[in-house]
Amino acid sequence: MKNSLVKRSWAEPYKIKMVELLKMTTKAQRIKAIKEAGYNTFLLKSEDVYIDLLTDSGTNAMSDVQWSAMMLGDEAYAGSKSYYKLEGTIQKYYGYKYVIPTHQGRAAENILSKILIKKGDVIPGNMYFTTTRLHQELAGGTFTDIIIDEAHDPTSEHPFKGNVDMAKLEKVVKKYGAKKIPYISIATNVNMAGGQPVSMANLKELRAYTKKLGIRVIHDMTRVAENAFFIQQREKGYDKKSIAQIVKEICSLTDGATMSAKKDALVNIGGFMATNEWDVFEEARNMVVVYEGLHTYGGLAGRDMEAIAVGIVESLDDNHQHARIGQVEYLGNKMMEYNVPIVLPIGGHGIFVDAKKFLPHLTQDQFPAQTLAAEMYIDSGVRTMERGIVSAGRKPNGDNYYPKLELVRFTMPRRVYTQAHMDVIAESAAAVYDRRKSIKGLKMIYEPKYLRFFQAKFEKL
Ligand code: F0G
């Protein structure tokens, strides 16, 4: 008998053992809370938030295996057993030779930027990330964008919007010379482009080109397993390979990495720097002592390193990634049913709503994405994040960057929310969309010097 009408749904490969209770708020309470927070969702108190989609960073639910591994943490100041476990896991699954733990990703970026970048250097990359670019700039370098044009177009459905445009890279190399380029900065699953992947073919081409010139490729591998999932789904020749195999192949095409373990690796805090070069490792081992802690704990407790080691292995499980990215896809499809304009294809770690399209009556100086994030909170207590002109910040000369993408990120913590939460989120976005024409923009009334999106304050126009 043919059962072609029977739908077969997928579901999460885990069950819930403990829950965290949430506070429910009224609209009046939310209007007051967001005003007090200067219309910046970063400044809300999390207890006033119902569904927290601010970030997927450090907000993951750890497994019972991770929690029990924490009890094995070796809290020795030097030579902790937990460090060797983490080092061994990174060597086995990612393939990098030398490992320096750090308290989170940006600490690894700080150390690596200080070691590799000299004043006047240029760092080409597949779209900026806020902290990564800032550390490159603080070390005296200038970031230059070499991602394909499609990445800046929220309507392009290119399957690998994270790809490097090799012609753009060649132009940069011609202009500055290979000596001025300490490395190419490559993020897997590009956050600011909407969680979009890089293809293996592109990475191979990049490797071949940089090898000839003696330029390093440094890998921001924060969401590498999510990138690998998309390669498995979309790239020819990879559908039979496991995510673990694909991740290892990606890493093999690069020379070193920085990692925020708070994303892919399913922990609440932690990161590391990795390199295949002894000299770089030696220098990093010296520097980590100044900024983080001894090189066998680097700002982490032994128990944190244990949890990361287990989380890395769990992140490479095909069923885990299927459920993780499947949930994001479910939310994205729901939003599209309600005509909410989102970045396509649907990305790995969240839904990115196109605020320029959502609120076309606002100019970019009226902060459409910041405005929309505040309106989402008022509507339902769902906390999202601006990823547009506020996040882009100012150039070293003080001018605003005006990014093409003006997005609100609905970021999905891993293993935290249910499908019913997804329905509530999509319905709330639809409700705000229905009354979009009556929404007014914002004016910035306080601007911090660095990474302004975290602490800037706004007023309603
Ligand atoms: N690289 C990427 C691609 C990131 O997304 C982040 C953090 C970092 C580096 C820095 O790592 O936070 O551990 O210091 N992204 C978070 C986010 C903050 O919400 O996207 P960190």
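**Exercise 1. Find how the axes of helix H8 and helix H9 cross, and name the residues that meet.**

Step 1. The axes of H8 (residues 224–234) and H9 come within 9 Å and cross at roughly 110°. Axes are lines fitted to C-alpha atoms, for helices over the stretch in contact, and angles run from 0 to 180 degrees between N-to-C directions. Helices (H or I, at least four residues) and strands (E, at least two) are DSSP runs, numbered from the N terminus.

Step 2. H8 is therefore roughly perpendicular to H9. Angles of 65 to 115 degrees count as roughly perpendicular, under 35 as roughly parallel, over 145 as roughly antiparallel and the rest as oblique.

Step 3. The crossing is right-handed. That term applies if the near helix is turned clockwise from the far one by less than a right angle; anticlockwise gives left-handed.

Step 4. From H8, Val-224, Ala-225, Asn-227, Ala-228, Phe-229, Ile-231 and Gln-232 take part, and they meet Ile-243, Ile-246, Val-247 and Ile-250 of H9. Contact means heavy atoms within 4.5 Å.

Step 5. Sort this contact by class: 9 nonpolar, 2 polar and no charged residues. Nonpolar covers Ala, Val, Leu, Ile, Met, Phe, Trp, Tyr, Cys and Pro; charged covers Asp, Glu, Lys and Arg; the others, Gly among them, are polar.

This is a predicted model: local features need pLDDT of at least 70, side-chain atom pairs count only at pLDDT 80 or more, and totals for chains, interfaces and linings use all residues. Residues are numbered from 1 along each chain as its sequence is written, and side-chain values use heavy atoms, with hydrogens and water left out.

**Exercise 2. Describe the packing of helix H7 against H9.**

Step 1. H7 (residues 200–213) packs on H9 (residues 243–252) at about 25°, with the axes 10 Å apart. The two are therefore roughly parallel.

Step 2. H7 passes H9 in a left-handed crossing. Met-200, Leu-203 and Lys-204 of H7 make the contact with Ile-246, Glu-249 and Ile-250 of H9.

Step 3. By class, there are 4 nonpolar, no polar and 2 charged residues.

**Exercise 3. Give the angle between helix H3 and helix H11, and class their contact.**

Step 1. The axes of H3 (residues 81–93) and H11 (residues 302–315) come within 8 Å and cross at roughly 20°. H3 and H11 are therefore roughly parallel.

Step 2. H3 passes H11 in a left-handed crossing. Residues in the contact include Leu-86 and Ile-90 of H3, and Ala-309 and Ile-312 of H11.

Step 3. The contact divides into 9 nonpolar, 3 polar and 2 charged residues.

**Exercise 4. Look at the backbone of Tyr-39 and of Pro-345.**

Step 1. Most residues other than glycine have a negative phi, and most peptide bonds are trans.

Step 2. Tyr-39 has a positive phi, near 55°. Tyr-39 sits in the loop between helix H1 (27–36) and strand S1 (51–52).

Step 3. The peptide bond from Leu-344 to Pro-345 is cis, with omega near -10°. Pro-345 lies in the loop between helix H12 (318–337) and strand S9 (350–354).
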